[in-house]
Amino acid sequence: MRSGMVTILGRPNVGKSSLLNALVGRKVSIVSHKPQTTRHRIQGVLHDERGQVVFVDTPGLHRKAERALNKVMNQAASGAIHDVDLILFVVESGRWTDEDAGVLERLEGITTPVGLVINKVDRLEDKERLLPELEKLSKLRDWAFIVPLSALKRDGLSGLAVELFERLPQGEPMYPDDMLTDHDAAFSAAEIIREKLIRNLHQELPYATTVEIEKYEREGQLDKIQAVIWVERDGQKAIVIGKDGETLKLIGSNARRDIERARGRKVFLKLWCRVKENWSDDPKALSKFGYSGGE
Ligand SMILES: Nc1nc2c(ncn2[C@@H]2O[C@H](COP(=O)(O)OP(=O)(O)OP(=O)(O)O)[C@@H](O)[C@H]2O)c(=O)[nH]1
Ligand SMILES: [Mg+2]
């Protein structure tokens with residue numbers, strides 16, 4: 001049996017969380033078309049007759065880390081470079097940017113093997129374009145392997161799994177075979193609510209919000225959840241709530257449906273919106289809301 005830890009790294013929005021979910025076979029990490037969706041390290045476990053892979057999904061490494069929250073996110077990603085068996089460097093097919101180059105720079109001098117994943121190849125209209133791209137990217141560093149794939153279409157995943165199991169050390173599984181993530185129900189619920197916020201709010205607003213679970217109780221067949229959406233200003237609160245409370249209602253019902261699906265139980269969800277000025281640049285608030293750069 002093979003067993004090991006694999007960190008998924010890359011700039012924002014390349015599809016790291018989508019790849020994790022595709023590999024694990026269940027949605028353990030939230031996804032959106034907006035960059036900087038993932039804020040925490042998320043573990044997901046792949047179980048297979050060949051062994052077990054524990055993946056660590058990380059916040060996209062980005063250049064402009066001005067606010068304390070963005071610094072913590074970059075730290076969380078960088079910290080996951082060490083003490084793992086392999087790193088997957090994820091890029092987007094046909095779109096190499098300065099931020100990708102920045103991630104590559106951080107990997108300089110690292111002795112952990114790094115495999116390159118070229119994601120979103122489904123978007124290539126002309127498949128012939130892939131060859132010159134492979135050629136160009138292959139020269140950037142000494143890769144353990146290069147795998148083009150589509151996380152969205154689940155195309156090319158088995159090829160990646162072959163490469164992973166070949167390189168991971170021999171060993172017994174670290175986690176029981178029904179465990180797909182290390183996060184508890186409250187954390188998952190908060191993340192699902194945050195995903196709905198990102199998807200339903202426009203522009204910069206999602207970056208000014210976070211979710212805190214105040215109460216999570218099991219009552220028979222029902223999970224009763226009370227959660228607070230924190231924003232930074234009164235004006236933002238008005239937008240989150242919306243006209244006649246419609247936006248908040250929509251976010252709540254979308255989130256409830258997904259939490260029910262994830263837990264396989266009925267859910268009662270009560271959502272509030274509150275203001276905490278400048279929370280995303282306030283180290284105390286960040287720690288209260290569960291953001292940390294390291295383990
Ligand atoms: N066409 C296409 N889109 C994809 C693929 N994989 C992911 N996406 C989309 O790319 C966007 C970003 O996906 P995420 O998985 O959230 O990306 P991420 O790298 O985790 O982003 P951050 O957490 O913000 O760093 C979403 O809209 C996904 O649906 C793919 O293989 N093909
Ligand atoms: Mg992500």
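This is a predicted model: local features need pLDDT of at least 70, side-chain atom pairs count only at pLDDT 80 or more; totals for chains, interfaces and linings use all residues.
1. Asp83 lies in the loop between helix 2 (68-79) and strand 4, where helices (H or I, at least four residues) and strands (E, at least two) are DSSP runs numbered from the N terminus. The phi of Asp83 is near 60°, a positive value in a residue other than glycine. Asp83 is also exposed, with a relative accessible area of 77%; here buried means under 20% relative accessible area, exposed over 50%, and partly exposed in between, with a 1.4 Å probe and protein chains only.

2. Residues are numbered from 1 along each chain as its sequence is written, and chains are lettered from A and ligands numbered from 1 in the order in which they are written.

3. Asp244, found in the loop between helix 7 (234-241) and helix 8 (246-263), has a positive phi of about 55° although it is not a glycine. Asp244 counts as exposed, at 63% relative accessibility. As background, most residues other than glycine have a negative phi.

4. Residues 2-170 are 30% helix and 22% strand, with their end C-alpha atoms 4 Å apart. Over residues 193-277 the chain is 40% helix and 35% strand, and the end C-alpha atoms are 21 Å apart.

5. An open sheet of six strands, in the order 2-3-1-4-5-6, shows mixed pairing; two strands pair if DSSP finds at least two bridges between them. Its edge strands, each pairing on one side only, are strand 2 (42-48) and strand 6 (146-148). From one strand to the next the twist averages 25°, with axes taken as lines fitted to C-alpha atoms (for helices over the stretch in contact) and angles running from 0 to 180 degrees between N-to-C directions. Strand 2 runs antiparallel to strand 3 (residues 51-57), and seven bridges join them; Val45 has Val54 in strand 3 as its bridge partner.

6. Which residues touch the most other members of the largest nonpolar core? Of its 28 residues, these are Val6, Leu19, Phe55, Leu88, Leu160 and Leu164, a nonpolar core being a set of buried Ala, Val, Leu, Ile, Met, Phe, Trp, Tyr and Cys residues joined through side-chain atoms within 4.5 Å. Strand 1 (2-9), helix 1, strand 2, strand 3, strand 4 (86-92) and helix 5 (157-167) each give two or more residues to this core. Apart from it lies another core, of 25 residues, among them Val54, Leu61, Ile81 and Leu104. Leu160 touches several residues, including Leu19, Leu88, Val117 and Phe145, with contact meaning heavy atoms within 4.5 Å.

7. Gln36 sits in the loop between helix 1 (16-24) and strand 2. Its side chain makes a polar contact with the side chain of Asn70 at 2.9 Å; such a contact is a pair of N or O atoms within 3.5 Å, where within protein one must be able to donate a hydrogen and the other to accept it, and residues adjacent in sequence count only if both atoms are side-chain atoms. Leaving aside residues up to four places away in sequence, Gln36 touches Pro12, His62, Asn70, Met73 and Tyr207.

8. Strand 7 (residues 210-219) and strand 8 pair in the antiparallel sense over nine bridges, with Lys215 opposite Gln226 and Glu212 partnered by Val228. Their hairpin has two residues between the strands, and in it Gly220 takes a positive phi near 60°. Strand 8 also pairs with strand 9 (residues 266-275), in the parallel sense over ten bridges, and there Lys224 stands opposite Phe268. Seven of the ten residues of strand 8 (residues 222-231) are buried, so this strand is largely enclosed by the rest of the structure.

9. Ala68, in helix 2, is buried, with a relative accessible area of 14%. The C-alpha atoms of Ala68 and Pro283 are separated by 6.6 Å, although the two residues are 215 residues apart along the chain. Not counting residues up to four places away in sequence, Ala68 touches Ser280, Asp281, Asp282 and Leu286.

How values were computed:
Side-chain values use heavy atoms; hydrogens and water are left out.
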